[in-house]
Amino acid sequence: MSDFFEHGRRWRKSSRSDANETCVELAHTLDAVRDSKNPAGPVLRGDVRRLLRAVRVG
């Protein structure tokens, strides 16, 4: 996973991202996600921890 800063926020992109960069990025604060192909685009804000728990549970 790679980390970088943009607009005062640190973003992490999965090491499993493919050559086309089709991946989401996660804010280090776990309160936002965005499309890695469009980092200047919209950001989905919310309780990412809760989302990750729900994904794990199925």
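**View 1. Arg 9 lies in strand S2.** The model shown here is predicted. The side chain of Arg 9 makes a polar contact, at 2.7 Å, with the side chain of Asp 31. Compare sequence and space for Arg 9 and Ala 32. They are 23 residues apart in sequence. Their C-alpha atoms are 9.9 Å apart in space.

**View 2. Strands S2 and S3 run antiparallel.** S2 covers residues 9-13, and S3 covers residues 24-27. Three bridges join the two strands. Find Trp 11: opposite this residue, in S3, stands Ala 27.

**View 3. S3 and S4 form a hairpin.** These two strands also run antiparallel, joined by three bridges. Four residues sit between the strands of this hairpin. Leu 30, in the hairpin, takes a positive phi near 60°.

**View 4. Arg 34 belongs to strand S4, residues 32-35.** Is Arg 34 buried or exposed? Its relative accessible area is 4%. Buried means under 20%, so Arg 34 counts as buried. Which residue is the bridge partner of Arg 34? That partner is Glu 25. The side chains of Arg 34 and Glu 25 also make a polar contact, at 2.5 Å.

How values were computed
Residues are numbered from 1 along each chain as its sequence is written. This is a predicted model: local features need pLDDT of at least 70, side-chain atom pairs count only at pLDDT 80 or more; totals for chains, interfaces and linings use all residues. Side-chain values use heavy atoms; hydrogens and water are left out. Buried means under 20% relative accessible area, exposed over 50%, partly exposed in between (1.4 Å probe, protein chains only). A polar contact is a pair of N or O atoms within 3.5 Å; within protein, one must be able to donate a hydrogen and the other to accept it, and residues adjacent in sequence count only if both atoms are side-chain atoms. Two strands pair if DSSP finds at least two bridges between them.
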